[in-house]
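Dear colleague,

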Amino acid sequence: MLVGNDVHEPLMELHFPGPQVLFEQNALISITGANFTPTLNDEPLPLWQPLLIRKNTILHFPKLQQGARCYIAIHAGFCIEPWLGSYSTNLKAGVGGFRGRKFEKGDELMAKESSLYFAGWMKEGKDVVPLNWRADIAHAYQYPNEIFFIEGNEFAQLTSASANDFLQSNFIVHPFSDRMGYQVKGPELVLKEKMELVSASVSFGTIQLLPNAEIIILMADHQTTGGYPRLGHVITAHLPKLAQLRPSDCIQFKRITVDKAEELFFAQQKELTILQTACFDHLNELACRQ
């Protein structure tokens, strides 16, 4: 949205340590998500703001400050073909995204042709020009370790002691966690009696109780069905916070109602709609001055 793209345009996702990226043409980009203290030719860059980048400059990420995943968007989008309706890379299957794999040294990622003439917006002697609008994400990432959930079908099957432990204890994201699921360490959780379940549908954010009495939270690359007890589902509005947690970070689960979850979701969607409209208007105003 910040660079005037459709919300379904592909993004470049980065983990720390980040790459060095050489821009071979002028570009309008934005950097969001985790803060890896980005620099352009060693000049610090702001996050959550559109940035005009001069060609033959190098983007670098020297230091991890906060979060797990950083994103780069470029105006008009990257030249990537969708697979099964998605631009995402499935690393386990080796398909989708950029050749079905992680980026390697020397890879060239082409951007789509833009009708905007960025050179006319650049200031003399400046490698980067921040444009004068940005996203306010203070509310979205407030209390980053506090994750709201709604009860799952089997939450009531926990013993009262385990239910209290789940609601009152801190859980730690395990280093073995990945995009399929977060393994979470905490108090052992016990059911009132052993259960054998028929596999049922699961989603991004489903919290399952494993046979070893620990829990797993399904993430973006989750499977579609599962047979473990479903203790809860992380609300949609908190999935961005959840996705920025790193190994050894703690999670505090807070139970809320479905009505409250819907209220938070609709409020988030309203903010995004306002942001998208404002970004398009600002970019069109600049384009009209060309």
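Below is what I found, beginning with the chain as a whole and moving on to single residues.

Please keep in mind throughout that this is a predicted model. The chain has 3 helices and 18 strands, and its C-alpha trace spans about 70 × 40 × 35 Å along the principal axes. Of the 290 residues in the chain, 41% are buried. When contacts with a separation of 6 or more are considered, 73% of them are between residues 24 or more positions apart. The chain exposes about 16200 Å², and 51% of that area is supplied by carbon and sulfur atoms. As for charge, there are 25 positive and 31 negative side chains, with the centres of the two sets lying 4 Å apart.

F166 counts as buried because its relative accessibility is 0%, where the cut-off for buried is under 20%. Setting aside the neighbours within four places in sequence, F166 is in contact with F149, F155, F171, L189, I207, I215, L231 and F253. H75, by contrast, is 91 residues away from F166 along the chain, and the C-alpha atoms of the two are separated by 44 Å.

Several backbone features may also be worth checking on your screen. F16 and P17 are joined by a cis peptide bond, with omega at about 0°, and P17 is found in the loop between strand 1 (12-14) and strand 2 (21-23). D42, although it is not a glycine, has a positive phi of about 70°; D42 lies in the loop between strand 4 (39-40) and strand 5 (43-44), and counts as exposed because its relative accessibility is 69%. R99 is likewise not a glycine and has a positive phi, here of about 60°. The loop that holds R99 runs between strand 8 (66-74) and strand 9 (128-130), and with a relative accessible area of 62%, R99 is exposed.

Technical notes: Residues numbered from 1 in each chain as written. Predicted model: local features only at pLDDT ≥ 70, side-chain atom pairs only at ≥ 80, totals over all residues. Heavy atoms only, no water. Buried < 20%, exposed > 50% of the residue type's maximum accessible area, 1.4 Å probe, protein only. Contact = heavy atoms within 4.5 Å. Helix = DSSP H or I, 4+ residues; strand = E, 2+ residues; numbered from the N terminus. Areas by Shrake-Rupley, 256 points an atom, 1.4 Å probe, with all protein chains shown as cover. Lys, Arg positive; Asp, Glu negative; His and termini not counted. Charge placed at Lys NZ, Arg CZ, Asp CG, Glu CD.
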